[in-house]
Amino acid sequence: YLISIGARRDAIAFAAALIVCLTITVFAKLFFEACGARNAFSAIESPSGHASFSAVVYGVLSLLVAAGRPTAQRVALISGAALLILLIGFSRVASGAHTPQEVAAGLLIGGLSIALYCALRAEPRLLAPPWRRIALAAPLVLALGFLALAHARHWTPEPLIDAIGRRLGARFGFCQGV
């Protein structure tokens with residue numbers, strides 16, 4: 001979308017932030033799994049990917065939408081995104097999927113990715129959404145989203161990441177003596 005409206009630099013910055021977030025989250029998960037209880041942050045078994053990705057996606061989207069708008073609208077949009085991100089973090093703790101420390105680690109990764117986006121982005125400007133294209137694409141996007149939820153709702157890469165982390169730790173002796 002950003003490329004199609006000529007916001008190429010914003011698109012590249014968003015892609016870079018997503019890639020950095022994914023990379024740091026996966027490597028952090030591998031590190032904590034490889035080191036197990038021997039890591040310096042024993043309250044963290046696996047940083048929350050939900051927290052890191054929601055922070056970068058909703059944080060960057062709020063910055064994009066808020067750009068060029070009056071101050072009250074910017075504050076409302078960014079505050080709404082921050083509230084949504086925090087609620088997602090709380091849901092990870094409430095569901096027992098993560099500890100507060102793991103959510104905080106995920107939010108830190110997401111926050112660093114947002115900072116990268118801000119450093120790389122173009123001068124903030126009001127984006128004019130092509131409402132007609134959005135309206136035409138919305139049914140397709142909803143259908144694809146529904147199919148993804150229906151068929152992959154319980155899929156998670158966690159077991160694969162955990163297995164790789166354990167193998168790396170055993171094979172290379174990461175964190176011995178930490």
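User: Why is Cys-118 called partly exposed?

Analyst: This is a predicted model, and in it Cys-118 has a relative accessible area of 38%. Buried means under 20% and exposed means over 50%, so Cys-118 lands in between and gets the partly exposed label.

User: And what makes Cys-21 count as buried?

Analyst: Its relative accessibility is 0%. The cut-off for buried is under 20%, so Cys-21 counts as buried.

User: Why is α1 called roughly antiparallel to α2?

Analyst: Helix α1 covers residues 8–35 and helix α2 covers residues 49–66; their axes cross at roughly 165 degrees and come within 10 Å. Anything over 145 degrees counts as roughly antiparallel, so that's the label α1 gets relative to α2. As for handedness, the crossing of α1 past α2 is right-handed.

User: Which residues make that contact between α1 and α2?

Analyst: On the α1 side they include Phe-14, Leu-18, Cys-21 and Leu-22, and on the α2 side Phe-53, Val-56, Val-57 and Leu-61 are among them. Sorted by class, the contact has eleven nonpolar residues, three polar ones and two charged ones.

User: Over to α3. What makes Arg-92 count as buried?

Analyst: Arg-92 is in helix α3, residues 71–94. Its relative accessibility is 18%, and buried means under 20%, so Arg-92 counts as buried. Setting aside neighbours within four places in sequence, Arg-92 is in contact with Ser-48, His-50, Ala-97, His-98 and Val-103.

User: Is Val-93 buried or partly exposed, and why?

Analyst: Val-93, also in helix α3, is partly exposed with a relative accessible area of 31%. That value lies between the 20% and 50% limits, hence the label. Not counting residues up to four places away in sequence, Val-93 touches His-98, Thr-99, Pro-100 and Val-103.

User: How far is Val-93 from Ser-48, in sequence and in space?

Analyst: They sit 45 residues apart in sequence, and C-alpha to C-alpha the spacing is 9.7 Å.

How values were computed
Residues are numbered from 1 along each chain as its sequence is written. This is a predicted model: local features need pLDDT of at least 70, side-chain atom pairs count only at pLDDT 80 or more; totals for chains, interfaces and linings use all residues. Side-chain values use heavy atoms; hydrogens and water are left out. Axes are lines fitted to C-alpha atoms, for helices over the stretch in contact, and angles run from 0 to 180 degrees between N-to-C directions. Helices (H or I, at least four residues) and strands (E, at least two) are DSSP runs, numbered from the N terminus. Angles under 35 degrees count as roughly parallel, over 145 as roughly antiparallel, 65 to 115 as roughly perpendicular and the rest as oblique. A crossing is left-handed if the near helix is turned anticlockwise from the far one by less than a right angle, and right-handed if clockwise. Contact means heavy atoms within 4.5 Å. Ala, Val, Leu, Ile, Met, Phe, Trp, Tyr, Cys and Pro count as nonpolar, Asp, Glu, Lys and Arg as charged, and the others, Gly among them, as polar. Buried means under 20% relative accessible area, exposed over 50%, partly exposed in between (1.4 Å probe, protein chains only).
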